[in-house]
Amino acid sequence: MRTIIQRVTHASVTIAGQVHGKIEQGFMILVGIKDSDDEAVVKKMAEKIAKLRIFDDENGKMNLSLDKVGGKILSISQFTLFANCKKGNRPSFDEAGKPEHAKKMYLYFNEVLRGLEIEVQEGIFAADMKVELLNDGPITIFLDSEDLK
């Protein structure tokens, strides 16, 4: 599982011209799933993300997590996080999870976050989405489940 976490002042996802999800302060997360990712991996990643302390405290130090700032999450499925560009100029996505499995794990990821009492807005799996955000900092974190082993 791979994620790109961006600290945002606001973010939204539009599908077919309609805003589908919108948040103010929080994280906009791009979520990539591979076939070997299971519920244990997904849960561990969700718990890690929920506890990330990347919001500034009163001293301007990144020391606060989502719950301390009342932050929300906009979660977007993103199979292209598994792009392989080693050969040629057209990326291969062979490492990305098959759609049925990836969708199941993506939705589970969002439910785990909600279970941690975080408000989660989401895109629609495999939809053509337009994502807008204002990256705050800018703070962008790449988190791969392989690094949590």
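Which residues does glycine 123 touch, not counting residues up to four places away in sequence? Select glycine 123 and look for Val13, Ile15, His20, Ser75, Ile76, Tyr106 and Met129; contact here means heavy atoms within 4.5 Å.

This is a predicted model, in which local features need pLDDT of at least 70, side-chain atom pairs count only at pLDDT 80 or more, and totals for chains, interfaces and linings use all residues. Residues are numbered from 1 along each chain as its sequence is written, and side-chain values use heavy atoms, leaving out hydrogens and water.

Stay on glycine 123, in the loop between strand S7 (120-122) and strand S8 (129-144). Strands (E, at least two residues) and helices (H or I, at least four) are DSSP runs, numbered from the N terminus. Glycine 123 is buried, with a relative accessible area of 5%; buried means under 20% (1.4 Å probe, protein chains only).

Next, select strand S3 (residues 26-32), where seven of seven residues are buried. Seven bridges join S3 to strand S1 (residues 2-15), and the two run antiparallel. Six bridges join S3 to strand S6 (residues 72-77), this time parallel. Strands pair if DSSP finds at least two bridges between them. Click valine 31: its bridge partners are threonine 3 and, in S6, serine 77.

Finally, select helix H1 (residues 39-51) and helix H3 (residues 99-115), whose axes come within 9 Å and cross at roughly 40°. Axes are lines fitted to C-alpha atoms, for helices over the stretch in contact, with angles from 0 to 180 degrees between N-to-C directions. Among the residues that meet are Val42 and Ile49 in H1 and Phe109 in H3.

Conventions
Buried means under 20% relative accessible area, exposed over 50%, partly exposed in between (1.4 Å probe, protein chains only).
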